[in-house]
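Work through the exercises below with the sequence and the model in view. Each task is followed by a solution in steps.

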Amino acid sequence: MNVAPGDWIITGIKGECYPCKPDIFAATYEEVPQAPESTLPPYRQRVLDEKQELDIRITRLDEFILRNALFRELDPEEQARMRRQLDVMRELSVILGERISAF
């Protein structure tokens with residue numbers, strides 16, 4: 001492959017690399033806008049970030065428990081621990097939500 005100055009180097013979904021001419025790149029891809037800088041103090045931003053990350057983890061664990069056959073193969077005591085973990089995570093999410101509401 002030949003790469004010229006100004007070409008974009010693209011990494012594919014399997015880790016392969018290839019060049020792309022600037023006009024093709026511009027016609028194919030669009031710039032993702034940057035998120036605005038937070039005006040919150042860092043400790044409050046951390047609470048928002050923590051809740052967002054926790055809610056994603058809650059969704060994933062809930063999906064695993066409800067829809068993954070592997071969960072049903074686990075020891076019943078481990079299943080119970082995972083359900084308790086999900087309950088505690090949900091409670092923490094509620095607490096974080098209350099903190100955020102009080103900002």
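A salt bridge is a side-chain nitrogen of Lys or Arg within 4 Å of a carboxyl oxygen of Asp or Glu. The model is predicted, so local features need pLDDT of at least 70 and side-chain atom pairs count only at pLDDT 80 or more, while totals for chains, interfaces and linings use all residues. Residues are numbered from 1 along each chain as its sequence is written, and side-chain values use heavy atoms, with hydrogens and water left out.

**Exercise 1. Salt bridges within a helix**

Find the salt bridge between Arg-81 and Glu-78 and state how far apart the two residues are in helix α4.

Step 1. The side chains of Arg-81 and Glu-78 form a salt bridge, with 2.9 Å from N to O.
Step 2. Helices (H or I, at least four residues) and strands (E, at least two) are DSSP runs, numbered from the N terminus. Because Arg-81 and Glu-78 are three residues apart in helix α4, about one helical turn separates them.
Step 3. Buried means under 20% relative accessible area, exposed over 50%, and partly exposed in between (1.4 Å probe, protein chains only). Arg-81, at 41%, is therefore partly exposed, and so is Glu-78, at 29%.
Step 4. Repeat this for Arg-67 and Glu-63, which meet in a salt bridge at 3.2 Å, N to O. They are four residues apart in helix α2, so about one helical turn lies between them. Arg-67 has a relative accessible area of 57% and is therefore exposed, whereas Glu-63, at 35%, is partly exposed.

**Exercise 2. A salt bridge between helices**

Which residue forms a salt bridge with Asp-62?

Step 1. The partner is Arg-90, and the closest N and O atoms are 3.1 Å apart.
Step 2. This pair links distant parts of the chain, with Asp-62 in helix α2 and Arg-90 in helix α4, 28 residues apart.
Step 3. Arg-90 has a relative accessible area of 36%, so it is partly exposed.
Step 4. By the salt-bridge rule, the count comes to five.

**Exercise 3. A serine in α4**

Is Ser-93 buried or exposed?

Step 1. Ser-93 lies in helix α4.
Step 2. Its relative accessibility is 8%, so Ser-93 counts as buried.
Step 3. With residues up to four places away in sequence left out, Ser-93 touches Lys-51, Leu-54, Asp-55 and Ile-58.

**Exercise 4. The hairpin**

How many bridges join strand β1 to strand β2?

Step 1. Two strands pair if DSSP finds at least two bridges between them.
Step 2. Strands β1 (residues 8-11) and β2 (residues 17-20) run antiparallel and are joined by four bridges.
Step 3. Ile-9 stands opposite Pro-19 in β2.
Step 4. The hairpin has five residues between the strands, and Gly-15 takes a positive phi near 90°.

Conventions
Contact means heavy atoms within 4.5 Å.
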